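Subject: Structure for you to look at

Hello,

Here is the structure I said I would pass on. Please open it first and then read the notes below it.

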Amino acid sequence: MTAHTLTPESHFIDREPYYETVGDEIAIFEAAYRNRLPVLLKGPTGCGKTRFMEHMAWRLKRPLITVSCHDDLTASDLVGRYLVKGGETVWVDGPLTRAVRCGGICYLDEIVEARKDTMVVIHPLADDRRELPMEKLGQLLQAPEEFCLAISYNPGYQSVLKDLKQSTRQRFVALEFDYPAAELERRIVANESGVDAAMAEKLVKFAQMTRNLKGSGLEEGASTRLLVHAGKLIASSVDPVVACRSAVAQAVTDDADMLAAIQELSSSLF
Ligand SMILES: Nc1ncnc2c1ncn2[C@@H]1O[C@H](COP(=O)(O)OP(=O)(O)OP(=O)(O)O)[C@@H](O)[C@H]1O
Ligand SMILES: [Mg+2]
């Protein structure tokens with residue numbers, strides 16, 4: 001018996017997700033999709049990768065199935081497994097299989113976190129065979145034309161052990177993401193949080209200052225996501241310096257000296 005239903009994690013997006021185009025990423029993704037090529041999104045945390053995928057799923061009118069990969073994630077978690085339900089053994093599709101069956105977009109977030117054996121499963125799906133081996137079912141599932149595989153990865157945070165293998169990365173069309181240019185980021189922060197243009201400008205300036213600290217004690221500067229968080233607090237009447245401390249500084253570091261340095265930056269700005 002095979003059970004495969006659309007679950008909440010696989011959904012059609014009916015309202016356009018707000019997405020500011022940074023470069024030619026939409027055109028490249030669409031061309032890759034038309035040519036049935038899988039896509040790799042690279043970029044730091046909180047720079048718009050997930051939002052972009054939601055936007056593309058809406059544009060292409062395909063359901064989006066997102067899987068956050070973690071170090072326990074096995075091939076069976078993606079493909080499916082037999083479960084005992086009411087005394088009966090039933091096969092339950094995993095999210096990747098569901099995405100293949102319904103011709104959806106499967107987005108494997110933070111792919112390098114997943115266990116090595118999961119890569120083996122996506123390889124035949126990510127080259128021109130476009131097939132998913134379902135070992136436990138003894139089946140080979142052919143992906144329909146509409147199916148698309150996308151993965152994301154934050155270069156720089158990984159150890160050599162957790163880097164993407166060449167045999168994996170060389171299957172994908174890569175799109176590089178980064179924090180948007182100041183003008184664009186101001187617009188995003190204002191739109192997403194509800195602060196006015198002047199406040200959005202200050203927040204972006206603040207973020208750029210923290211990004212300059214990267215490498216000299218900070219692992220990563222403030223992401224666009226954190227600016228949106230700070231903006232939301234400010235739009236809810238939280239004092240900007242307090243908002244920057246809670247939503248940004250505390251989120252990027254625990255180091256007391258670094259916290260003080262960031263606090264200084266925001267105090268001078270606001
Ligand atoms: N180009 C953009 N257009 C609209 N909103 C954006 C854009 N870039 C970033 N954002 C805002 O930043 C937030 C964080 O982006 P998102 O969740 O897509 O980051 P991410 O790159 O997926 O991060 P992670 O690697 O941590 O998953 C979004 O919720 C959105 O508010
Ligand atoms: Mg994401």
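**Helix pairs**

H9 and helix H10 (residues 240–252) pack at an angle of about 150°, and their axes are 9 Å apart. That angle makes H9 roughly antiparallel to H10. The crossing of the two, H9 and H10, is right-handed. On the H9 side the contact is made by Leu226, His229, Ala230, Leu233 and Ile234, and on the H10 side by Pro240, Ala243, Cys244, Ser246, Ala247, Val248 and Ala251. By class, this contact of H9 with H10 has ten nonpolar, two polar and no charged residues.

Before going on, some notes on how to read this. The model is predicted, local features need pLDDT of at least 70, side-chain atom pairs count only at pLDDT 80 or more, and totals for chains, interfaces and linings use all residues. Residues are numbered from 1 along each chain as its sequence is written, while chains are lettered from A and ligands numbered from 1 in the order in which they are written.

The terms are these:

- Helices (H or I, at least four residues) and strands (E, at least two) are DSSP runs, numbered from the N terminus.
- Axes are lines fitted to C-alpha atoms, for helices over the stretch in contact, and angles between N-to-C directions run from 0 to 180 degrees.
- Angles under 35 degrees count as roughly parallel, over 145 as roughly antiparallel, 65 to 115 as roughly perpendicular, and the rest as oblique.
- A crossing is right-handed if the near helix is turned clockwise from the far one by less than a right angle, and left-handed if anticlockwise.
- Two residues are in contact if their C-beta atoms, placed from the backbone, lie within 7 Å.
- Ala, Val, Leu, Ile, Met, Phe, Trp, Tyr, Cys and Pro count as nonpolar, Asp, Glu, Lys and Arg as charged, and the others, Gly among them, as polar.

The axes of H7 and H8 come within 8 Å and cross at roughly 125°. That makes H7 oblique to H8. In H7, the residues Ala182, Glu185, Arg186, Val189 and Ala190 meet Ala197, Ala200, Glu201, Leu203 and Val204 in H8. Seven of the residues in this contact of H7 with H8 are nonpolar, none polar and three charged.

Helix H8 (residues 197–212) also packs on helix H11 (residues 256–269), with axes that come within 10 Å and cross at roughly 150°. That makes H8 roughly antiparallel to H11. Here Lys202, Lys205, Phe206, Met209 and Thr210 of H8 meet Ile262, Leu265, Ser266 and Leu269 of H11.

**Domains and ligand**

The domain assignment gives domain 1 (2–176) and domain 2 (182–269); such bounds come from an automatic or database assignment. Taken over C-alpha atoms, the domain centres are 32 Å apart. Eight residues of domain 1 are in contact with nine of domain 2.

Which residues come nearest to ligand 1? Of the 20 residues around ligand 1, they are Thr45, Gly48, Lys49, Thr50 and Arg225 (a residue is near a molecule or strand if its C-beta atom, placed from the backbone, lies within 6 Å of it). The shell draws at least three residues from each of domain 1 and domain 2. Helix H2 (49–60), helix H7 (182–193) and helix H9 (224–235) each supply at least two residues of the shell.

Regards
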